[in-house]
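Hello,

Here is the structure you will be taking over. Please open it alongside this message; my notes follow below.

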Amino acid sequence: MTDLAAVKAALKTQAVETPSWAYGNSGTRFKVFAQPGVPRDPWEKLQDAAKVHEFTGVAPTVALHIPWDKVEDYAALAKYAEHRGLALGAINSNTFQDDDYKLGSICHADPAVRRKALDHLLECVDIMDATGSRDLKLWFADGTNYPGQDDIRARQERLAEGLAEVYERLGDGQRLLLEYKFFEPAFYATDVPDWGTAYAHCLKLGDRAQVVVDTGHHAPGTNIEFIVATLLREGKLGGFDFNSRFYADDDLMVGAADPFQLFRIMYEVVRGGGLGPDVAFMLDQCHNIEPKIPAIIRSVMNVQEATAKALLVDREALAPAQREGDVLGANAVLMDAYNTDVRPLLAEVRQELGLDPDPMAAYRRSGWAESIVAERVGGQQAGWGA
């Protein structure tokens, strides 16, 4: 029997970080689609993020992307966030949008390019010092398109050397989170293509280097929950980038393509003791055709619903079924939890937190969407690559 009070308590402490770039304009490989009322700078992104937190109650931090969110005074930006009930979260680096990085960044054969990339990563740690951020999140587009283009082993050695330099620069309480992606934009060999490569580098670096699982960065059919379970068992799961995909990219709302997979992942998180501050839960999505803020609110709610279902798994019934080899019985325990309508439960949780039970409806009634369209006229809208 599941303890509903414990389930509610866990849901009340859950936190989902939202990404600053999700509030700006984005699009496909072919076009960026502008929307009225989109933020023009990082300050306005925080305004929108504050609304997401206001209506969900579980989105208290905002990830920054440098240089997209570059400002003169990061301490002032952190104070601005604090005034709106937020804190600045992970600092995400960018070593993929400069002409010098065409053949790689910290894995590049040219020492001058590697130095440029490393200086940027060290700058990101400086920004962490100013913002109070705990996590430096690294994703590298580095790789090769053709056999023989570069020495695969040498690129791994350059990667290890660069990561070690950045790791040594971290301050007390700061972490390096290494993300992987099995292809794109490198189509022959990606330098950090899978969780094993990321894990090997993090293991060598030390305790404050951990792996980030982006739920859209896997080949079709990959058992992501196995990866999550293994990394939790090894104490090397640093966080998630939640999103969804159908084919190759990962910019759809979390749970859009396979909500059952999200439930399975969250069950392994719960089972492995990962539902806490040591595992960072962050959205990493670009909302191309749907309104930004409602899409982010809906995404946060999707994570909450998957978590609630995972918490409802009757583990006292599951364990004996597994021991006794009751295949269908064990599967039925999981399916019973997944098929539970948790929306009434989450509505109760929100009411107990003093929130509207329906965040989407509350946002629509707030008038925020109409106000930002009227106020954010002129200037340069934030968007992909800006």
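In this predicted model, D48, V52 and T56 of helix α2 are in contact with I293, I296, I297, V300 and Q304 of helix α9. By residue type, the contact of α2 with α9 is made up of five nonpolar residues, two polar ones and one charged one.

As for the helices themselves, α2 covers residues 42–56 and α9 covers residues 292–311. Two packed helices are described by the angle between their axes and the distance between the axes. Here the angle is about 40° and the axes lie 10 Å apart. The crossing of α2 past α9 is right-handed.

Next, the cis peptide bonds. One runs from I66 to P67, with omega near 15°. P67 sits in the loop that links β4 (61–65) to α3 (74–83). Another cis peptide bond joins E184 to P185, and its omega is about 10°. P185 belongs to the loop between β8 (175–179) and β9 (189–190).

E184 deserves a separate note. E184 is also found in the loop between β8 and β9. Its phi is positive, at about 80°, although E184 is not a glycine. Is E184 buried or exposed? The relative accessible area of E184 is 14%, which is under the 20% cut-off, so E184 counts as buried.

Regards

Definitions and conventions: Residues are numbered from 1 along each chain as its sequence is written. This is a predicted model: local features need pLDDT of at least 70, side-chain atom pairs count only at pLDDT 80 or more; totals for chains, interfaces and linings use all residues. Side-chain values use heavy atoms; hydrogens and water are left out. Axes are lines fitted to C-alpha atoms, for helices over the stretch in contact, and angles run from 0 to 180 degrees between N-to-C directions. Helices (H or I, at least four residues) and strands (E, at least two) are DSSP runs, numbered from the N terminus. A crossing is left-handed if the near helix is turned anticlockwise from the far one by less than a right angle, and right-handed if clockwise. Contact means heavy atoms within 4.5 Å. Ala, Val, Leu, Ile, Met, Phe, Trp, Tyr, Cys and Pro count as nonpolar, Asp, Glu, Lys and Arg as charged, and the others, Gly among them, as polar. Buried means under 20% relative accessible area, exposed over 50%, partly exposed in between (1.4 Å probe, protein chains only).
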